[in-house]
Amino acid sequence: MADASAARPWKQPRTPEEATAAPPADQAAGSTVAELRELMDGGRLTELRTTYNGNYGASLLFYTQSLHYYVALFRDREFWRVIKTDSVDDAERYYRTFVAQTEDLAQVYIDTVRLDAGKRFTERMVALNEQRLRNLQQEVEMQRQQSLQVSTALQQARQQAVSLSSDLRASHSELDAINQRIEALQAVQANPELSLPGSSESVAPAIPSASVADHGASVPALASPPAP
């Protein structure tokens, strides 16, 4: 809704362009509107009542020097109708009539303001929701990529676990073989009948002389040394 003081035609000085512009037909010299404007410019009117509906308004003004009432219907800073009377009852009746007219006249303006506000609000919400949708899409894509990375890492971890399991079994087998060799060597080391190297080799016995006689072999006698 427009500011009340700004909407009052008699509260705002006219610009030079407005002052020099040709007045509308209903504000021609001698008209009630022109008379009201002249009194307003001179600051000789007393504002008794004013009602606003949207950018429309109705005012009841009193000129104390002549005891006349001016009832005005206006939009923004433009007078639409002005009625002059010296009857307080007529002035109040005209004022109430103008007030009712401002309600009807302002309804389109009020509806326009509301619809425009609703449109702007909806546009802002659409923009916000579009941005939110883009953010969610980015988050979902990021989560998908992270999930893919996690899945790849898990698959690599499983493959590494399988490889480590095979290596562990091979290491266990190697360890078992080494332990078996150690146990065998320890058993040999603990054997009290351990033979030293070469102790098992036999020496051939000497042949006795009797055995030669038994076979009928003759041993030649040693010759006597020659006489000197």
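Which residues make a nonpolar surface patch of about 290 Å²? In this predicted model, local features need pLDDT of at least 70 and side-chain atom pairs count only at pLDDT 80 or more, while totals for chains, interfaces and linings use all residues. Residues are numbered from 1 along each chain as its sequence is written, and side-chain values use heavy atoms, with hydrogens and water left out.

The patch is made by Phe121, Met125 and Leu128. Met125 lies in helix 4 (residues 88-189). This residue counts as partly exposed because its relative accessibility is 33%, where buried means under 20%, exposed over 50% and partly exposed in between (1.4 Å probe, protein chains only).

The chain contains five helices and four strands, assigned as DSSP runs (helices H or I, at least four residues; strands E, at least two) and numbered from the N terminus. Their order from the N terminus is α-α-α-β-β-β-β-α-α. Of the 228 residues, 18% count as buried. The chain exposes about 17400 Å², of which carbon and sulfur atoms supply 56%; accessible areas come from the Shrake-Rupley method with a 1.4 Å probe.

In helix 3 (residues 32-41), the buried residues are Val33, Ala34, Leu36, Arg37, Leu39 and Met40. Their cover includes strand 2 (56-63), strand 3 (68-75) and strand 4 (78-85). Just after helix 3, Gly43 adopts a positive phi of about 65 degrees.

Notes:
Contact means heavy atoms within 4.5 Å. Patches are made of residues with over 30% relative accessible area and no salt bridge: like charges are joined within 9 Å, nonpolar side chains (Val, Leu, Ile, Met, Phe, Trp, Tyr) within 5 Å. A salt bridge is a side-chain nitrogen of Lys or Arg within 4 Å of a carboxyl oxygen of Asp or Glu.
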